[in-house]
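Subject: Structure for you to look at

Hello,

Please open the structure below and keep it on screen while you read. My notes follow it.

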Amino acid sequence: MTDLATMRDTALARIEEAGDAAALEALRVEFLGKQGSISALMKTLGKMSPEERQSEAPKIQALRTDVADALAARKDAIDAAALEARLATETLDLTLPAPHAPRGSVHPVSQVMDELAEIFADLGFSVATGPEIEDDWHNFTALNMAETHPARAMHDTFYFPDVDSEGRRMLLRTHTSPVQIRSMVAQGAPIRIIAPGRVYRSDSDATHTPMFHQVEGLVIDKGIHLGHLKWTLETFLKAFFERDDIVLRLRPSYFPFTEPSVEVDVGWQDVGGRRVLGGDGDAPGHGWMELLGSGMVNARVIEFAGLDPKEWQGFAFGVGVDRLAMLKYGMDDLRAFFDGDQRWLDHYGFSPFDQPTLSAGVGAKA
């Protein structure tokens with residue numbers, strides 16, 4: 001029988017000298033593989049007599065166990081050394097800034113909505129909302145629009161084929177004015193609200209889209225006159241555009257729901273090829289830009305809302321939120337608002353942590 005002690009010492013010495021995982025694997029195959037030297041000794045046990053097997057089997061098994069344990073221990077040592085070497089070379093500099101992570105932004109329309117709410121809250125207005133799917137009574141009739149009014153035509157209005165329980169035609173609202181009617185009916189007077197939201201009209205070009213955003217304002221109280229309207233609009237526009245030189249020009253106009261009605265023009269000047277609001281429109285190099293419509297609430301509209309027009313008066317105004325955003329932040333194509341272009345959003349979007357406040361500036365960007 002081979003000298004098992006000599007074989008054990010030789011095997012353990014060679015295992016200890018193995019320099020890497022490949023050399024260690026070769027030794028494992030040499031000693032414990034199917035054709036390995038120790039495996040061959042295990043096979044000889046079957047040819048021994050019972051007496052010899054009882055004497056030699058424990059020795060051979062002990063040899064196999066010692067070699068297997070040595071192989072496992074050496075493998076752990078080689079793996080640990082490889083990890084130490086890897087850690088020494090693959091260091092992470094914790095002083096470097098973290099990799100840039102994509103961060104969402106607030107859409108300019110949402111930002112302007114927040115700015116409007118902040119400004120009008122300071123003036124004592126609350127925000128009112130209503131359904132975007134309306135009936136034609138709230139959308140047209142209660143606003144003193146006759147059955148033959150052009151705005152009711154299919155080319156302006158998106159109608160649904162169904163009607164409500166009272167037989168009224170259903171449609172996508174063309175303005176947020178129905179919110180004024182619903183608020184007056186629900187709350188009565190006095191009332192001071194703004195109604196921002198999405199509206200729908202069949203129109204599409206660089207300055208019009210089938211869906212856009214509008215904000216309307218309504219004040220109903222006693223003794224209200226056009227002076228209150230002009231002061232409110234001046235205060236609002238000065239705060240929104242963050243300029244004290246906003247000059248308004250009121251021109252007579254016509255809207256079914258107001259009487260008298262006025263178009264509101266704002267003075268502007270060309271600055272680097274961009275229209276910037278501010279200054280008197282009649283000054284040299286300046287001009288007037290029509291910005292919004294307004295007027296005193298028509299007595300019939302007040303009656304439709306269940307109020308007495310001899311006791312209550314009020315004013316109303318409406319302006320496109322998207323247009324306000326374009327004028328304030330220098331955008332020239334309304335369609336880009338709804339394209340979902342990430343580059344456009346990265347450029348014009350606002351930080352979600354930069355909430356508009358009057359003290360910090362409603363238009364401050366992060």
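Start with Pro-190, which sits in the loop between helix 7 and strand 5 (191-200). Keep in mind that this is a predicted model. The peptide bond leading from Ala-189 into Pro-190 is cis, and its omega is near 0°. Another cis peptide bond links Glu-259 to Pro-260, with omega about 0°. Pro-260 lies in strand 8.

Now go to Asn-144. Its phi is near 65°, which is positive although the residue is not glycine. You will find Asn-144 in the loop between helix 6 (136-139) and strand 3 (159-163). Why point these spots out? Most peptide bonds are trans, and most residues other than glycine have a negative phi.

**Two helix pairs**

Look at helix 1 (residues 4-17) and helix 4 (residues 50-89). Their axes come within 9 Å and cross at roughly 5°. Angles under 35 degrees count as roughly parallel, so helix 1 and helix 4 are roughly parallel to each other. Helix 1 brings Leu-4, Met-7, Arg-8, Ala-11, Leu-12, Ile-15 and Glu-16 to the contact. Among the residues they meet in helix 4 are Ile-60, Leu-63, Val-67 and Leu-71. By class, this contact of helix 1 with helix 4 has 10 nonpolar residues, six charged and no polar ones.

Next, take helix 5 (residues 108-122) and helix 8 (residues 226-241). Their axes come within 10 Å and cross at roughly 130°. Helix 5 and helix 8 are therefore oblique to each other. The crossing is right-handed. Helix 5 uses Val-112, Glu-115, Leu-116, Ile-119 and Phe-120 here, while helix 8 uses Thr-232, Phe-236, Ala-239 and Phe-240. The residues of this contact are seven nonpolar, one polar and one charged.

**The largest pocket**

What is the volume of the largest pocket? It is about 1,400 Å³. The pocket is lined by 49 residues, and the closest to its centre are Arg-201, Gln-214, Leu-291, Gly-320 and Arg-323. The lining comprises 21 nonpolar, 17 polar and 11 charged residues.

Which element gives the most to this lining? Strand 10 does, with seven residues. Other elements that each supply at least two residues include helix 7 (177-187), strand 6 (211-221), strand 8 (258-271) and helix 10 (321-329).

Best wishes

Key. Residues are numbered from 1 along each chain as its sequence is written. This is a predicted model: local features need pLDDT of at least 70, side-chain atom pairs count only at pLDDT 80 or more; totals for chains, interfaces and linings use all residues. Side-chain values use heavy atoms; hydrogens and water are left out. Axes are lines fitted to C-alpha atoms, for helices over the stretch in contact, and angles run from 0 to 180 degrees between N-to-C directions. Helices (H or I, at least four residues) and strands (E, at least two) are DSSP runs, numbered from the N terminus. Angles under 35 degrees count as roughly parallel, over 145 as roughly antiparallel, 65 to 115 as roughly perpendicular and the rest as oblique. A crossing is left-handed if the near helix is turned anticlockwise from the far one by less than a right angle, and right-handed if clockwise. Contact means heavy atoms within 4.5 Å. Ala, Val, Leu, Ile, Met, Phe, Trp, Tyr, Cys and Pro count as nonpolar, Asp, Glu, Lys and Arg as charged, and the others, Gly among them, as polar. On a 1 Å grid over the protein atoms alone, a cavity is a set of points where a 1.4 Å probe fits but cannot get out, and a pocket is an open set with protein on both sides within 12 Å along at least five of seven lines; lining residues have an atom within 4 Å of a point. Grid points are joined across faces, edges and corners, and a volume is the space filled by probe spheres set on the points.
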